[in-house]
Structures are given as C-alpha cells and as structure tokens.
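Have a look at the model first.

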Amino acid sequence: LFVAILSLGFVSCDDDDEDDKQPSTASIVGTWFMQDEYGDKTTIVFNSNGKGTFSEEYSDGSQYSEKFEYAYDASEKELVVVGTDVFDGTYYVVLTSTTLRLTDKYGDTEQFKRK
C-alpha cells in the first residue's frame, strides 16, 4: 500500500516548465540582446572559441563594454563566466533557438533574445 501511494505521488507531480524538460540542440554561440524597463540595453556575444563580449548601452547614451571568457556545459545547463566586473559568475541556463534565460546563484533571472 505504501509503495502504491508513493508511486502515485511521483506520477501526479508535474513540472509546468517545459523549457527545462526539453533537450536543447540550440547553441549558446551568437549575439543575445535584452532591453530593461528603463531603456538600458544589454548585448552578450558568445564566440565559438570560449570568449565573448558583454556590453551595455544606457538610456542616457553612455556605454560600457568588457571582454570575458566562458565555459558552457549544455548537459548540466551551466555557464561559467570569468574576466568581467559585471557578468562574472556561474549561471543556470535555459536555452532555445531564440531565447537565452540565465539565472544566477541568487535566483535572479534575465532573459535574452537572439539577435
């Protein structure tokens, strides 16, 4: 009886986040863009050689840009970025052919569109 109840609990649990379930053949390599509610624009470029560029253009017209190195493990959905002041860290990745969602260790999530 206990086993039957326990197995029923596993069967009835459902994860609504389909993006996390689907295996992705999409590549992180490319240019990704996001604009926030203040009009600030962020662009991340991932090159195929493990290097990239992080840049921001602020609503007041000022800009910021820096280069970084990265390692992406698609099977673990983990991105490690080093070499920047703003973008350094380890991120959990949800990737499709058109969107890139990055979640940091604090649970903060940013979503980018392929450019």
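## Starting from Val45

Val45 comes out as partly exposed, because its relative accessible area is 23% and buried would need under 20%. Keep in mind that this is a predicted model. Val45 sits in strand E2. Which residues does Val45 touch, once those up to four places away in sequence are set aside? They are Gly30, Thr31, Lys51, Gly52, Thr53 and Phe68. There's also a neighbour to check by C-alpha distance: Trp32 is 13 residues away from Val45 in sequence, yet the two C-alpha atoms are 6.3 Å apart.

## The strands around it

Zooming out, 8 strands close into a barrel, in the order E1-E2-E3-E4-E5-E6-E7-E8, with antiparallel pairing. On average, neighbouring strands of this sheet are turned by 30 degrees against each other, direction ignored. As background, strands of a sheet pair through backbone hydrogen bonds, either parallel or antiparallel.

Here are the pairings along the first part of that order, each with one pair of residues facing each other:

| Strand pair | Bridges | Residue pair |
|---|---|---|
| E1 (residues 30-35) and E2 | 6 bridges | Met34 and Thr42 |
| E2 (residues 41-46) and E3 (residues 51-57) | 6 bridges | Ile44 and Phe54 |
| E3 and E4 (residues 63-73) | 7 bridges | Glu57 and Gln63 |

Two of these pairs are hairpins. E2 and E3 have 4 residues between them, and Gly50 in that turn has a positive phi of about 85 degrees. E3 and E4 have 5 residues between them, and here Gly61 in the turn has a positive phi of about 95 degrees.

## The nonpolar core

What about the inside? The largest nonpolar core has 17 residues, and the ones touching the most other members are Ile44, Phe46, Phe68, Leu79, Phe87, Leu100 and Leu102. Elements giving two or more residues to this core are E1, E2, E4, E5 (78-82), E6 (89-95) and E7 (99-103). E6 gives the most, with 3 residues.

Leaving out neighbours within four places in sequence, Leu102 is in contact with Ile44, Leu79 and Phe87, among others. The list also includes Tyr91, Tyr92 and Val93, and then Asp108, Thr109, Glu110 and Phe112.

Terms used: Residues numbered from 1 in each chain as written. Predicted model: local features only at pLDDT ≥ 70, side-chain atom pairs only at ≥ 80, totals over all residues. Heavy atoms only, no water. Pairing = 2+ DSSP bridges. Buried < 20%, exposed > 50% of the residue type's maximum accessible area, 1.4 Å probe, protein only. Contact = heavy atoms within 4.5 Å. Axes fitted to C-alpha atoms, helices over the stretch in contact; angles between N-to-C directions. Core = buried A, V, L, I, M, F, W, Y, C linked by side-chain atoms within 4.5 Å.
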